[in-house]
Amino acid sequence: MNMLFQSQPPVLVVDNLSLEFTNGPSRIHALDGVSFGLARGETLCLVGESGCGKSVTAMALMRLLPKSSARITSGAIRLTGTDLIGLPERSMQTIRGNRIGMVFQDPMTSLNPVHTVGMQIAETVRRHKRVGRREAYARARQMLDLVRIPDAGNRLNAYPHELSGGQRQRVMIAMALACDPELLIADEPTTALDVTVQAQILELIADLKTELGMSVLLITHDLGVVAATADRMMVMYAGRIVEEGPVERIFARPSHGYTAGLLRSLPGHGAARRGTLTEIVGTVPRLDRPVEGCVYAPRCGFAEAGCTASLPPAREIEAGHRSSCIREAAVFAAMRDHDIVRSWA
Ligand SMILES: Nc1ncnc2c1ncn2[C@@H]1O[C@H](COP(=O)(O)OP(=O)(O)O)[C@@H](O)[C@H]1O
Ligand SMILES: [Mg+2]
């Protein structure tokens, strides 16, 4: 499946992106050397616990980080040839909502409560395309149909509070896709929804990706979501990508202590199914000082002296599957009998 994507030029390239926040005397190294590519028609999942840097990555791509405190210290972001980091804000405004669509966790914070959903979608269209009001409304209606909202003609006149959470998220997707973007960034788009609605929204995103031929960067803390939707995945920990590769290979051959921790903490599997949810002990570090070795080592059951001595380089475990864990062989040996790993092997 992945060979298919590799033959095409990437839609998005992120190259060695590092970023820090300065708040008074404190300095947070939020991203450290993040690199990845996203091909046309590909769904790439960025996964990790809360506080790992997933949203910061998305906001950096959209250039929506607070100017006063966030500083990109190195790296490049390219959207089919356009260098986004060097772009003036005015040009960036023509890219947001137009070439890149974005969907967030909570649609209520992104929808305006005093305007109908039809008007909000139409406004997005008019901001970027030279079309009149009627045409923009026609597009809005078409978009509501596209995201499978029944009775779209009437729903155009609904206010956000008149819709269910799932329908509001559909409206957000309609708005994000109204200008036919090359790339959709969805940051925890289903986290606020209940499980059945969550599945419907993920299915919708997957269908639309295929129908529209766009690329999707899907951010989630939930490995179940990754398994259900992604072609490729990146596991992020403390602002670094620690493992990446085709979804089926990472589930079949987890090769980083952190990935193993995430897999073990999935509910409904292994120890968790027997009633003891194995959460990873400890929390994501604050990143206010540089770390010498593997940032995950202090929480890792596989760690040995070498892990903290120096930063483990990313190594290719198998084609397209990279890990920066020097205990990769031990991790896989311990995980190979895990239910999930066996089901993907
Ligand atoms: N505006 C900000 N100022 C300072 N630190 C921030 C800011 N936004 C995010 N951070 C820090 O960056 C890190 C990553 O946050 P985030 O990307 O939101 O994590 P998540 O993976 O949960 O989306 C966290 O340590 C967070 O506290
Ligand atoms: Mg987040």
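Visitor: How far does a polar side-chain atom of Lys54 lie from an oxygen atom of ligand 1?

Guide: The distance is 2.8 Å, a polar contact, meaning a pair of N or O atoms within 3.5 Å. Keep in mind that this is a predicted model, where local features need pLDDT of at least 70 and side-chain atom pairs count only at pLDDT 80 or more, while totals for chains, interfaces and linings use all residues. Residues are numbered from 1 along each chain as its sequence is written, chains are lettered from A and ligands numbered from 1 in the order written, and side-chain values use heavy atoms, without hydrogens and water.

Visitor: And what about the backbone of Val56, how far is its polar atom from an oxygen atom of ligand 1?

Guide: That one is at 2.8 Å. For Cys52, a backbone N or O atom lies 3.1 Å from a ligand 1 oxygen.

Visitor: Nice. Which element gives the largest share of the shell around ligand 1?

Guide: That is α2, with three residues. Helices (H or I, at least four residues) and strands (E, at least two) are DSSP runs, numbered from the N terminus.

Visitor: Switching topic: where is Ala230?

Guide: Ala230 is in the loop between α10 (223-229) and β9 (232-237).

Visitor: Is Ala230 buried or exposed?

Guide: Ala230 counts as buried because its relative accessibility is 13%; buried means under 20% relative accessible area, exposed over 50%, partly exposed in between, with a 1.4 Å probe and protein chains only.

Visitor: What is Ala230 in contact with, beyond neighbours within four places in sequence?

Guide: Thr43, Cys45 and Val247, where contact means heavy atoms within 4.5 Å.

How values were computed
Polar contact = N/O pair within 3.5 Å; in protein donor to acceptor, adjacent residues only side chain to side chain.
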